[in-house]
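Here are some notes to read alongside the structure on your screen. Take the points one at a time, and find each residue as you go.

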Amino acid sequence: MKLLILLHVLFFYCSMPDIAFSSPACNFPAIINFGDSNSDTGGFSAAFGPFPPPNGESFFHMPAGRLSDGRLIIDFIAKSFGLPFLSSYLDSLGANYSHGVDFATVSSTIIDQNISLSQGGYSPFYLAVQVMQFSQFVPRSQLVAKRGGCFKSLMPKKEYFNQSLYTIDIGQNDITAGLGARKTSDKFIPQTLAVFSGEVKRIYNLGARYFWIHNTGPLGCLAYTLVLRNLTAAGELDPAGCSVFYNKVAQQFNKKLNETLVELRKQLPRAVITYVDIYSAKYSLFLKPAKYGFKDPLRVCCGHGNNKYNFDPNVLCGSKATVNGSVVLLGRSCREPSKKVVWDGIHYTDAANKVVFDLISTGRFSHPPRSLKRACEGRIL
């Protein structure tokens, strides 16, 4: 009889579909981030000088190295794991790397664009440089830790490099750079993502195993692209009022990025790679702003301009001018940043970043459909 019962149990168990059973949430001890201004927590400011007020006003109450009135998505990711905000690798003052490091900088690209910032170009800290910095950070942080005391307390443990969550949010500037140079997206997008693939492999070879990779957002919903287009042309705007042209290129980039990650999963079998559809999460804020507590989503909060977007590329957030001998702030903040989606025409508000984080952390916008707290698990949950 006992044998018969055992056989029934085995039959039932073996007949069940191959599903993943619930397990404790991932407990990442650190986060290591690569990217551009969407996740720069102070790198650009450390290298080239601080951003002016009113940046940071809503949460930090002062500029805090971020192009927003407050926190970025990466800040909410860190908070969700009970970790402190990430210190930038480039910030030599007050940095604490015990729970991660941020290599992202404003204006960073995947491919070196060979146009300096002084010429209106891009950050010298493109992705390959960020990965090179990481390759130095791994051994040097351990040498510093060996000095003991406070030095050790400010550095990550050696085992963290295999246990950390590796977040990547980059590509937006490669799209605008490619289109600005009048390159065809069919050509520059595959080239860009081939480079991206190589850099992910380098990060993997340095010990990374858990990747949380964002695609690029709806560029056509941001004022800095909208003012470049002839918006009166037929079919130029979609139902949310965003540029069809720019959003189509962003979607093309995202499709190729997803395909690239599919191949990387095959090539890096020990890696857990989650593709995060930031585009869809952010676009929902423009399409149905009232649902998330926002108003007039295309209009910039901190800007200046005689147009419906409140945006002038020559007078950015925090810009000042001398009028009749007095210094006047032109790039002013709006009265209710918490009701706005876009902060300065390019970046998002603290409130919008919080909503986007809430959306993507559930796994609803991920492939595989894996929540942030399950980003260490190889099977779909």
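1. A word before we start: two residues are in contact when they have heavy atoms within 4.5 Å of each other. With that in hand, look at Phe 286, which touches Pro 218, Cys 221, Leu 222, Ala 240, Cys 242, Pro 297, Leu 298, Val 341, Val 342 and Tyr 348, leaving out residues up to four places away in sequence. Please keep in mind throughout that this is a predicted model.

2. The largest nonpolar core has 88 residues, and Phe 286 is listed with Phe 34, Ile 77, Phe 196 and Phe 211 as having the most contacts inside it. Several of these names come back below.

3. Stay with helix α11 for a moment, and find Ser 284 there. Is Ser 284 buried or exposed? Its relative accessible area is 15%, so Ser 284 is buried. Setting aside residues up to four places away in sequence, Ser 284 touches Pro 289, Tyr 292 and Leu 359.

4. Now step into the loop between α11 and β6 (320-323), where you will find Ala 290. Ala 290 counts as exposed because its relative accessibility is 68%. In sequence, Ala 290 and Lys 339 are 49 residues apart, yet their C-alpha atoms are 9.5 Å apart in space.

5. Helix α12 (residues 350-360) is mostly covered, with nine of its 11 residues buried. Among the buried ones are Asp 350, Asn 353, Val 356, Phe 357 and Leu 359. What do the buried residues of α12 pack against? Their partners are α3 (73-80), β4 (210-214), β5 (272-276), α11 (278-287) and β8 (366-367).

6. Helix α3 is mostly covered too: six of its eight residues are buried. They are Ile 73, Ile 74, Asp 75, Phe 76, Ile 77 and Ala 78. The cover over them includes β1 (31-35), β3 (165-169), β4, α11 and α12. Just after α3, Gly 82 takes a positive phi of about 70°.

7. Next comes a pair of helices. Two packed helices are described by the angle and the distance between their axes. For α4 (residues 127-145) and α8 (residues 185-205), the axes come within 10 Å and cross at roughly 5°. The two helices are therefore roughly parallel to each other, since an angle under 35 degrees counts that way. On the α4 side, Leu 127, Ala 128, Val 131, Met 132 and Phe 134 meet Phe 196, Glu 199, Arg 202 and Ile 203 of α8. Seven of the residues in this contact are nonpolar, two are charged and none is polar.

8. There are 23 aromatic pairs in the structure. In one of them, the ring centres of Phe 103 and Phe 137 are 6.1 Å apart and the planes stand at 85°, so the pair is edge-to-face. This pair links distant parts of the chain: Phe 103 is in the loop between β2 (100-102) and α4, while Phe 137 is in α4 itself, 34 residues apart. Both residues are buried. They also belong to one aromatic cluster, whose members include Phe 34, Tyr 89, Phe 134 and Phe 211.

9. Finally, check the backbone. Most residues other than glycine have a negative phi, and most peptide bonds are trans. Asn 114, although not a glycine, has a positive phi of about 55°. Arg 182 has a positive phi near 60°; Arg 182 sits in the loop between α7 (172-180) and α8. Which residues are joined by a cis peptide bond with omega of about 10°? Those are Pro 53 and Pro 54, and Pro 54 is in the loop between α2 (43-48) and α3. Another cis peptide bond joins His 367 and Pro 368, with omega of about -5°.

Definitions and conventions: Residues are numbered from 1 along each chain as its sequence is written. This is a predicted model: local features need pLDDT of at least 70, side-chain atom pairs count only at pLDDT 80 or more; totals for chains, interfaces and linings use all residues. Side-chain values use heavy atoms; hydrogens and water are left out. Axes are lines fitted to C-alpha atoms, for helices over the stretch in contact, and angles run from 0 to 180 degrees between N-to-C directions. Helices (H or I, at least four residues) and strands (E, at least two) are DSSP runs, numbered from the N terminus. Angles under 35 degrees count as roughly parallel, over 145 as roughly antiparallel, 65 to 115 as roughly perpendicular and the rest as oblique. Ala, Val, Leu, Ile, Met, Phe, Trp, Tyr, Cys and Pro count as nonpolar, Asp, Glu, Lys and Arg as charged, and the others, Gly among them, as polar. Buried means under 20% relative accessible area, exposed over 50%, partly exposed in between (1.4 Å probe, protein chains only). A nonpolar core is a set of buried Ala, Val, Leu, Ile, Met, Phe, Trp, Tyr and Cys residues joined through side-chain atoms within 4.5 Å. Rings of Phe, Tyr and Trp (its six-membered ring) pair if their centres lie within 6.5 Å; planes under 30 degrees apart count as stacked, over 60 as edge-to-face and the rest as tilted.
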